[in-house]
Amino acid sequence: MRALTWHGRHDVRVETVPDPEIVNPRDAILKVTSTAICGSDLHLYDGYIPTLRAGDVLGHEFMGEVVEAGPKSTLKKGQRVVVPFTISCGDCFFCKKRQFSACDNSNPAETFDASRLLMGHPMGAAFGYAHLTGGYAGGQAEYVRVPYSDVGPIVVPDHFEDDQVLFLSDILPTGWAAAENCAIEEGDTIAVWGCGPVGLFAIQSALIMGAHRVIAIDHYPHRLELARKLGAEILDYREVDVREALDEMTGGIGPDACIDCVGMESHGLSIDNIADTVKAHTFLGTERPHALRQIILACRKGGRVSIPGVYGGFADKFPLGQMMEKGLTIKQGQTHVQKYTAPLLEMIEQGKIDTTFLISHHAPLERAAEMYRHWHDEQDSYTKIVLKTEAATPKQEQKLARELA
Amino acid sequence: MAEQRTSATNRALIGAGVAAAAGAAAFLLSRRTGSGGAPIEEISDAPDHVWRRGTSRYDPNTLGQTVLIGKPRQELYDLWRDFAKFPNFMENVERVEKLDSKRSRWTIKAPGGSSVELVTKITEDKAGRAVAWRSEPESEIETEGRVEFIDAAPGRGTMVRLTTRYEPPGGIVGKGLAKLMQREPHIQARRDLHRFKSLMETGESATNASPSGRKSESPTERRI
């Protein structure tokens, strides 16, 4: 089959690899129909995540059709499913508590030592995301093996377009959980750093949950425009001092809750961010948490900070005392996707949530490497890329290109 | 010129940082080995295998590990008591043959494709609570192990504690070599226990076997 593989920093290729096979009884094999490139795939592309190996198949946002099901799978051939990016067994202590991303069984015995060493405990597994999280092949491919297929995948009725439901795999639940972690109360102002896909979904979710106001922060005009269309007020941090603006917009108290949808590769030309960039490139640091530092200072006393943005290791110059003295509540983590798929699918069905407004580009899988470059270099105009695998032959690619044009 | 000076300053700063980190690491390591200082009173309630070097309960050849398994202890004990099932979750164990009610013959994969045979005898057997075994003199390696099943908090299942002890063939060098080849018994024991947990909870043992662009691997092969 054809698949997008990682070979090094800024080096991904579409190449032919063996087809996946059923290995365990609860496995299923999907023929992928749509798969997206996630903002967190850029951390892999930029070489920020350790334990990725040359040849690994990437991709953790995907959906498709069941073509083979193991004897203990509950899926049937021909069913259309969306697959959560977190691989969860459904049986361990954590899964039973519905903390699915903390699954204690999905990270295999061969790979779990690395994350135990780095994080203190072995992490749950994810598709296409380095060997720290299990080393499973991802879904930016024509076929993918889905472990514990009786627990994770959600079957979607035929009347939905792929684009409407694909994001149940990651960014929609992640944006929703980010807003949920803000414990929004009546009258609350929520500030969202980063208007990428997760930020946009967090804005939409916060408004649905009853936020009085949402203020979105970014520097890409097109992304800010999308945020404004959702109903957010917007701040371009190149034009205004963000903390001063937030204070002035909230009568001096600051936002009630802040969401960090930026993560480890913060932009911005402040002194701390330049120092972090130098350190990341000389292997003296892993994080560039400029946005999070700003959030802790900006959030109101006793407020809530929600962190869906990905971090991977150690940060310094971190305003820990400020976090304590202001009495902030911090909630964070990889999303427990399986907990949200069914209720969110229902909200899509009812028309309460729009999932398609942020898709800027469709392309065949065959052009995935080029799309990674665009996604990395042109973040203003490329707000979300969906790869279509049924067009993965040159002939079909031309046909799709004509249709799209 | 200015740029050159900046990069020289950067290098000096990086150098100073690395030196400070090395100093801190040396300090921490020296503290860990517990060289010097007053004798410790030994009052902790922790199991033997977590005691620090320099305390009376420390043994470098013992590994202990406890995992929480969401099953009743009798069920876990029953599977563990049937040594013939060990190859299901013990990657290095090729075969376990029952010789009599107490003794069994194990065939274990060793580094470099060879195998090692040993005969074990059950030295302790408390139904639903613990099983211990020790290698008989005719064995090629000297080893002993004990598995204990302890009730966890209500609703959480059982804490399974495996302690293994072995005399490394070839001493400390042999142990190092085995570690490099991922065949060191303590690494194996830790992974085996994880596989046992997965098998008991999920009915299968998790594997990342899937396709990659690496020619050396198949989609059904596990990878590290």
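Tutor: Happy to; we'll go from domains to chains and then to a few single elements. Keep in mind that this is a predicted model.

Student: Okay, how is chain A divided?

Tutor: Chain A has two parts: domain 1 covers 2–169 + 336–404, and domain 2 covers 172–332. Taken over C-alpha atoms, the centres of domain 1 and domain 2 of chain A are 26 Å apart.

Student: And how many residues does each domain of chain A put into the contact?

Tutor: Domain 1 of chain A gives 22 residues and domain 2 of chain A gives 19 residues. On the domain 1 side, α1 (39–45) and α12 (337–349) of chain A each supply at least two residues. The largest share of that side, 4 residues, comes from α12(A).

Student: What kinds of residues are on that side of domain 1 of chain A?

Tutor: The side of domain 1 that touches domain 2 in chain A divides into 10 nonpolar, 8 polar and 4 charged residues.

Student: Let's switch to chain B. How many helices and strands are in there?

Tutor: Chain B has 4 helices and 7 strands. Along the sequence they follow the pattern α-β-α-β-β-β-β-β-β-α-α. Of the 224 residues in chain B, 24% are buried.

Student: How many residues of chain B are in contact with chain A?

Tutor: 28 residues of chain B are in contact with 36 residues of chain A. Two elements of chain B give two or more residues to this side, α1 (2–32) and α4 (185–202). The largest share, 6 residues, comes from α4(B).

Student: And how does that side of chain B divide into nonpolar, polar and charged?

Tutor: The side of chain B that touches chain A has 7 nonpolar, 13 polar and 8 charged residues.

Student: Why does B:V67 count as partly exposed?

Tutor: B:V67 counts as partly exposed because it has 17 C-beta neighbours inside 10 Å, while a buried residue needs 20 or more and an exposed one has 12 or fewer.

Student: So what is B:V67 in contact with?

Tutor: Leaving aside neighbours within four places in sequence, B:V67 is in contact with B:V160, B:L193, B:H194 and B:K197.

Student: Back to chain A, please. Which residues of helix α7 are buried?

Tutor: In helix α7 (residues 221–230) of chain A, the buried residues are A:R223, A:L226 and A:A227. They cover an arc of only 100 degrees around the axis, which means they are on the same side of α7(A).

Student: Why would residues with gaps between them point the same way?

Tutor: An α-helix has 3.6 residues a turn, so residues three or four places apart point the same way.

Student: Nice. What do the buried residues of α7(A) pack against?

Tutor: They pack against α6 (197–208), β11 (213–218) and β12 (233–236) of chain A. On the other side of α7(A), A:P221 and A:K229 are exposed.

Student: What follows α7(A)?

Tutor: A:G231 follows α7(A), and the phi of A:G231 is positive, near 115 degrees.

Student: Which strands pair with β14(A)?

Tutor: Strand β13 (residues 257–260) of chain A pairs with β14(A) in the parallel sense over 3 bridges. Strand β15 (residues 329–332) of chain A also pairs with β14(A) in the parallel sense, over 4 bridges.

Student: Which residues are the bridge partners of A:V305?

Tutor: A:V305 has A:C258 as a bridge partner, and in β15(A) the bridge partner of A:V305 is A:I330. A:I307 stands opposite A:Q332 in β15(A).

Student: How does the chain cross from β14(A) to β15(A)?

Tutor: The chain goes through helix α11 (residues 320–325) of chain A, and this β-α-β crossover is right-handed.

Definitions and conventions. Residues numbered from 1 in each chain as written. Chains lettered and ligands numbered in written order. Predicted model: local features only at pLDDT ≥ 70, side-chain atom pairs only at ≥ 80, totals over all residues. Arc of directions from axis to C-beta. Contact = placed C-beta atoms within 7 Å. Domains from an automatic or database assignment. Nonpolar A, V, L, I, M, F, W, Y, C, P; charged D, E, K, R; others polar. Pairing = 2+ DSSP bridges. Right-handed = clockwise from strand over helix to strand, strands pointing away.
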